[in-house]
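Subject: Structure for you to look at

Hello,

Here is the structure I promised to send over. Please open it first, then read on.

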Amino acid sequence: MRKTLYAKFILGYIIFGFFGFVVVATFVSNMTLEHLKREKADALYAEANLIAKTYASDLYKSETSLDTVKRQLDALDTYLSANIWIINPSGRMVLDSSEPINVENEVVIENFNPTAASGSYYIVGNFFGYFDEQMLSVFSPITNNFRVKGYVVIHTPMKAIEASCNSLLNISYIMLVILFLLSLIILIFFTEIVYLPLRKITEATEQYASGNMHYEFQVDSEDEIGYLAATLSYMANEIARSEDDQKKFVANVSHDFRSPLTSIKGYLEAMLDGTIPPEMYEKYLNIVLNETDRLTKLTNGLLTLNNINTKGMLLDRTAFDLNQVIRDTAAAFEGICRQKSIVISLMLTGDVIYVHADMGKIQQVFYNLLDNAIKFSHNDSIIKIETNEKSNKVYISVKDSGIGIPKDDLKLIWNRFYKSDASRGKDKKGTGLGLSITREIIHAHGEHINVISTEGEGSEFVFSLPVSDLEEDE
Ligand code: ADP
């Protein structure tokens with residue numbers, strides 16, 4: 001592809017040169033010759049007219065002698081480099097500027113026909129067979145008493161006109177060559193601006209196609225080609241990054257699957273080989289059950305995230321009472337709250353508040369937030385859930401007074417598989433996927449979720465949902 005593009009440009013360039021030459025050799029050549037011929041004919045015609053009106057008519061009126069006129073014509077012959085004749089309508093030569101006067105040997109132009117020029121005042125040819133070469137012949141009638149007495153004919157060889165035409169053409173050829181060489185600048189521009197950057201881009205695409213996403217290349221121009229190169233390099237970086245993320249993701253998943261599996265395997269083997277006596281089975285089977293719970297949670301989380309990635313998140317929005325969902329979710333945690341003596345305090349706006357959202361997914365958001373709040377709260381503490389309505393939105397806050405989140409971890413908690421070091425001891429079952437799923441759900445609703453937390457004092461998660469216009473939804 002690369003070679004042909006350049007070859008095509010060179011071919012175009014050669015075609016341009018060739019046609020330039022053809023145009024100069026044909027059109028320009030013909031036009032110049034035609035122009036010079038007409039110009040010469042005009043000049044000679046003016047001269048012939050003058051002679052016809054002065055010396056020649058004087059001669060016919062016998063007011064001057066043949067010798068005097070001959071002398072005048074000789075002078076003009078040299079000045080014009082042309083052959084001047086005075087000729088009778090019958091074709092008999094009266095005077096020839098190139099020959100001495102010879103009355104005995106009279107010269108007659110056979111077939112002389114003054115109308116041969118058919119409307120024009122000049123003809124090109126051998127003048128009725130008189131000359132051996134091509135001549136430009138201009139003639140002007142000599143009139144006396146409204147009668148044509150003869151003609152003044154001036155001949156000049158076409159060779160002379162062609163020679164000056166050729167020297168003009170040579171200038172055109174030189175100009176053409178100069179223009180052709182100057183247009184090499186376009187070729188240089190093309191090479192620098194298009195061809196070389198394009199080669200770099202093609203090379204980079206080949207590298208990317210062969211899997212080398214970290215290949216780096218630089219195109220410095222700020223035009224469309226530069227933009228294309230920058231976009232390509234950005235695309236490759238993004239792919240490389242997502243490949244790295246993918247690898248990290250798989251590594252994390254494998255790790256998170258391996259640890260519960262190792263512990264399950266360990267306990268089961270210990271039971272089989274008798275290391276754990278049968279009376280202790282219940283305790284260890286419960287541990288095994290917990291580990292399988294963790295694996296189920298992990299698999300479900302991964303499935304949810306996978307669905308988000310492939311289809312975006314499909315929401316099934318309806319209008320529902322948010323207060324009811326909060327009450328139901330809080331009730332689901334009653335058992336664990338009783339165990340830890342944790343009180344969930346609800347401060348909800350109004351009896352009912354309708355929001356326009358996907359109920360199942362919002363339930364999951366509450367479940368994740370409450371689950372975390374309880375997990376990371378100390379015994380005998382309070383968790384507050386508060387709703388506030390403002391400009392057609394409900395702001396929901398889930399606040400605990402637990403261990404809090406270290407400042408450096410605040411940004412990281414939204415990442416998949418992220419679990420802060422502090423939480424590991426307290427939360428053996430956590431997958432690190434909960435907040436990542438929560439944020440995806442809220443973003444899919446076009447809303448935001450934020451966290452405010454102080455280490456050792458507690459955390460507050462706040463998110464918004466759109467208030468529903470009931471009539472519209474029902
Ligand atoms: P998991 O599903 O394991 O709970 P999350 O994504 O929900 O994972 O949470 C990620 C990490 O964020 C937790 O391991 C914990 O370190 C921190 N975190 C989340 N909620 C709280 C909270 N209420 N208090 C303190 N730390 C929290």
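Predicted model: local features only at pLDDT ≥ 70, side-chain atom pairs only at ≥ 80, totals over all residues.

**The ligand site**

The shell around the ligand holds 21 residues. The closest are Asn372, Ser420, Thr431, Gly432 and Leu435. By class, the shell has eight nonpolar, nine polar and four charged residues.

Which elements supply at least two residues each? They are helix H9 (359-375), helix H11 (434-444) and strand S12 (458-466). H9 gives the most, with three residues.

- The side chain of Asn372 places an N or O atom 2.8 Å from a ligand oxygen.
- The side chain of Asp400 places an N or O atom 2.9 Å from a ligand nitrogen.
- At Gly434 a polar backbone atom is 3.3 Å from a ligand oxygen.

How much of the ligand does the protein bury? Taken alone, the ligand exposes 540 Å², and 98% of that is buried by the protein.

Pro466 is 24 residues away along the chain, and the C-alpha atoms of Ile442 and Pro466 are 11 Å apart.

**Aromatic pairs**

There are 24 aromatic pairs in the structure. I picked out two.

Take Tyr6 and Tyr195 first. Their ring centres are 4.5 Å apart and their planes meet at 40°, so this pair is tilted. Tyr6 sits in helix H1 (residues 2-60) and Tyr195 in helix H4 (residues 184-209). The two are 189 residues apart in sequence, so the pair ties together parts of the chain that are separated in sequence. Is each of them buried or partly exposed? Tyr6 has a relative accessible area of 25%, so it is partly exposed. Tyr195 has 10%, so it is buried.

Now Trp85 and Tyr130. This pair is edge-to-face, with 4.8 Å from centre to centre and 85° between the planes. It links distant parts of the chain, 45 residues apart. Trp85 belongs to strand S1 (residues 83-87). Tyr130 is in the loop between strand S3 (122-125) and strand S4 (135-144). Trp85 is buried, at 0% relative accessibility. Tyr130 is partly exposed, at 34%.

Both residues also belong to a cluster linked by ring pairs. Its members are Trp85, Phe112, Phe127, Phe128, Tyr130, Phe131, Phe139 and Tyr151.

**A serine in a loop**

Ser97 lies in the loop between strand S2 (93-96) and S3. Buried or exposed? At 7% relative accessibility, Ser97 counts as buried. Its side chain has two contacts to inspect.

**Two asparagines with positive phi**

Asn111 has a phi near 60°, a positive value in a residue other than glycine. The loop between S2 and S3 holds Asn111. Asn111 has a relative accessible area of 63%; exposed means over 50%, so it is exposed.

Asn145 also has a positive phi, of about 50°, although it is not a glycine. Asn145 sits in the loop between S4 and strand S5 (147-157). At 67% relative accessibility, it counts as exposed.

**One exposed lysine**

Lys411 is in the loop between strand S10 (393-399) and helix H10 (421-426). It counts as exposed, at 73% relative accessibility. Lys411 and Phe27 are 384 residues apart along the chain. Their C-alpha atoms are separated by 77 Å.

**Where to start**

I would begin with Asn372 and Asp400 at the ligand. Then turn to the ring cluster that includes Trp85 and Tyr130.

Best wishes

Key
Residues numbered from 1 in each chain as written. Heavy atoms only, no water. Near = heavy atom within 4 Å. Polar contact = N/O pair within 3.5 Å; in protein donor to acceptor, adjacent residues only side chain to side chain. Areas by Shrake-Rupley, 256 points an atom, 1.4 Å probe, with all protein chains shown as cover. Helix = DSSP H or I, 4+ residues; strand = E, 2+ residues; numbered from the N terminus. Nonpolar A, V, L, I, M, F, W, Y, C, P; charged D, E, K, R; others polar. Phe/Tyr/Trp six-rings, centres within 6.5 Å; stacked < 30°, edge-to-face > 60°. Buried < 20%, exposed > 50% of the residue type's maximum accessible area, 1.4 Å probe, protein only.
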